[in-house]
Amino acid sequence: LASGALLIWQNTREMQKDMVRKALSFGELTNDKIITSYEQFYVTENFLQFRKDLNPLLSKNTDISRIEVIGKSGELFYDSNTEREVSHVGDGRKNPYSIQRSRDIKPSILFEAGELLYLKKNAENEWLAVNQEGSPVPFITGKVLNVMVPSSNARLSVVYSLSYDALRERILWMSITIAALLLAGIIVVSLIARVLAAKFVRPIQELEKGVVRIGKGALGTQVKIVSDDEIGVLAENFNAMSITLKKNTAELLIKEALTKELNIAREIQENMLPKEAPKVPGLDLAGTLTPATAIGGDIYDFLPIKDKGTYIFIADVT
């Protein structure tokens, strides 16, 4: 949207400048013809012939909405807006333009804000903005109301008022085109986003669900992701890890159960051994059992038998 607005703004400025340049060129080509026709036909009250000469000129530039013929002393001799059908009769009219501007030999443009800018051509035949003395000044930007082009006739000048209807129409079509391109861009981006979601986001979401299921105890959970990129490799490693985790967990449970049983067996074996050796005159007795593994298959005991003394019992499970 920002790019489109900037493009419209830039193109509008360029088209406005182009309108002014065309109006100036149009004025250079037509002002002498208009003044000659005015003096030949309008002044001699041959208004129809004058309009016949003027209408083809107006039709060649759709950006010109009005033509006025003015005198150097401030008289308005002809206005194409008010004299479309019949010529002006009655008292003379004053034009709304300054006499100084009317008498100046340099072309000038009047802006909507009231600024007046004079122009002259450089060596490359390009229009340059100048002040009344002819010194270069910055070119003002803005909406131009009219262009005044002096003619070779010392008494008359022609003012060309600009119409922005065609410009607005071009801007409208430009805006429609940009809006269509923007809409197409949004659709394309949406499709790309869906493709990327299918390719990257959804597999990652599947992996996330798999991790959550494993966290809840569903060991051995497998994710179904068919891809040959990094996410596919990650999915394969996840599935392998899940199977290994389930297997190792099962083995750990078996080992824990076996260890528990061995501990019980060791306690039983230790309880079967004598707590202390009997006192036998003339002997120092002691016994201990150290299994090679968690539990052994050996046993010993002291068996005092009445009237027969003390027996020492040593046995191996084998």
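1. Start with the nonpolar surface patch: V188, I192, L196, F200 and V201 make one of about 400 Å². Patch members have over 30% relative accessible area and no salt bridge, and nonpolar side chains (Val, Leu, Ile, Met, Phe, Trp, Tyr) are joined within 5 Å. A salt bridge is a side-chain nitrogen of Lys or Arg within 4 Å of a carboxyl oxygen of Asp or Glu. Areas come from the Shrake-Rupley method with a 1.4 Å probe.

2. Please keep in mind that this is a predicted model, where local features need pLDDT of at least 70 and side-chain atom pairs count only at pLDDT 80 or more. Residues are numbered from 1 along each chain, and side-chain values use heavy atoms, without hydrogens and water.

3. Helices are DSSP runs of H or I with at least four residues, and strands are E runs of at least two. L196 is partly exposed because its relative accessibility is 41%; buried means under 20%, exposed over 50%, and partly exposed in between.

4. Now turn to S108 in strand 4 (residues 108–111). S108 counts as buried because its relative accessibility is 0%. Its side chain makes a polar contact of 2.6 Å with that of R101 (a pair of N or O atoms within 3.5 Å, one able to donate a hydrogen and the other to accept it).

5. Last, find R103 in helix 3 (residues 99–103). Beyond four places in sequence, R103 is in contact (heavy atoms within 4.5 Å) with K72 and S73.

Note on methods: Buried < 20%, exposed > 50% of the residue type's maximum accessible area, 1.4 Å probe, protein only. Patch = residues over 30% accessible without salt bridge, like charges linked within 9 Å, V, L, I, M, F, W, Y side chains within 5 Å.
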